[in-house]
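Trainee: Please take one part of this model and go through it closely, with its surroundings. I would like the terms spelled out with their cut-offs.

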Amino acid sequence: MSTIKKGYTELHAILSANQDMTVKKLMAQLLPIMQQEVRDEAHRYVDGRLEIFCYYHKQWEFADQVEYGKKANTKTGLNTMCKVGTNNWTTQYRIYKDSSSKILAKVSAGELSYEDIPAEQAKYAEERNKIVPLEVTHWNEAHADPRQQAES
Ligand SMILES: [Zn+2]
């Protein structure tokens, strides 16, 4: 069997488990998966200002208030995460990516037992998924808004 492309695994699982069902019956299950891509790249205009749903912070951020790097092949021409979010995401992902070898090293050094591997893995996963909130100081002062004033 060939490898399923990243992003299609969930779709593949549902289709494989329901091969005799009609598309009509499966549509409700399939739609949320297919809509994910759109949600990942969400943006809107508020009073002419571009606002992006930051993939890292999981919140709406004005592109003129929070710094976004350029990115090709997105609808806005900007990244789907703000710069601060991108840095956090990259760091967290790197730590997570190294976790398997770190855990193995601990086991072979006798610092961790086999039974504790799942808990250790869960700890790393949690670390990867955590969201470090955007500090008000990351906001562009030229575009301060009431939220910013209230917190400072
Ligand atoms: Zn962000």
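Mentor: From the N terminus on, the elements of the protein chain run α-α-β-β-β-β-β-α-α-α-α, which makes 6 helices and 5 strands. Helices (H or I, at least four residues) and strands (E, at least two) are DSSP runs, numbered from the N terminus. The model is predicted, and local features need pLDDT of at least 70, side-chain atom pairs count only at pLDDT 80 or more, while totals for chains, interfaces and linings use all residues. Residues are numbered from 1 along each chain as its sequence is written.

The part I take is the open sheet of 3 strands, with the order β1-β2-β3 and antiparallel pairing. Two strands count as paired if DSSP finds at least two bridges between them. In general, strands of a sheet pair through backbone hydrogen bonds, either parallel or antiparallel. The edges of this sheet are β1 (43-46) and β3 (59-62), each with a single partner strand, so one side of each is left without a neighbour in the sheet. On average, neighbouring strands here are turned by 35° against each other, direction ignored. Angles are taken between axes, which are lines fitted to C-alpha atoms (for helices over the stretch in contact), and run from 0 to 180 degrees between N-to-C directions.

Consider the two pairings in turn. β1 and β2 pair in the antiparallel sense over 4 bridges, and the partner of H43 in β2 is I52. β2 and β3 also run antiparallel, joined by 4 bridges. Here I52 has E61 of β3 as its bridge partner.

D47 lies in the loop between β1 and β2 and is a residue other than glycine. D47 counts as exposed because it has 6 C-beta neighbours inside 10 Å. A residue is buried if 20 or more other C-beta atoms lie within 10 Å of its own, exposed if 12 or fewer, and partly exposed in between, with C-beta atoms placed from the backbone. The hairpin of β2 and β3 has 4 residues between the strands, and there K58 takes a positive phi near 55°. K58 is in the loop between β2 and β3, and with 9 C-beta neighbours inside 10 Å it counts as exposed.

The largest nonpolar core has 9 residues: I52, C54, Y56, A63, V66, Y68, M81, C82 and V84. A nonpolar core is a set of buried Ala, Val, Leu, Ile, Met, Phe, Trp, Tyr and Cys residues joined through C-beta atoms within 7 Å. β2 (49-54) and β5 (78-82) each supply at least two residues of this core. One member, Y68, touches I52, A63, L78, N79, C82 and K83, not counting residues up to four places away in sequence. Touching, or contact, is taken as C-beta atoms, placed from the backbone, within 7 Å. Over the protein chain of 152 residues, 10% count as buried. Among contacts between residues at least 6 apart in sequence, 44% join residues at least 24 apart.

The axes of α4 (residues 99-108) and α5 come within 11 Å and cross at roughly 145°. The contact is made by S99, I103 and V107 of α4 and I117, E120, Q121 and Y124 of α5. By class, this contact has 4 nonpolar, 2 polar and 1 charged residues; Ala, Val, Leu, Ile, Met, Phe, Trp, Tyr, Cys and Pro count as nonpolar, Asp, Glu, Lys and Arg as charged, and the others, Gly among them, as polar.

Y124 is found in α5 (residues 117-129) and touches Y96 and S99, not counting residues up to four places away in sequence. Y124 and S99 are 25 residues apart in sequence and 6.8 Å apart in space, C-alpha to C-alpha. Y124 counts as partly exposed, because it has 18 C-beta neighbours inside 10 Å. α4 is hardly covered, the count of buried residues among its 10 residues being 0. Just after α4, G110 takes a positive phi of about 80°.

Key: Contact = placed C-beta atoms within 7 Å.
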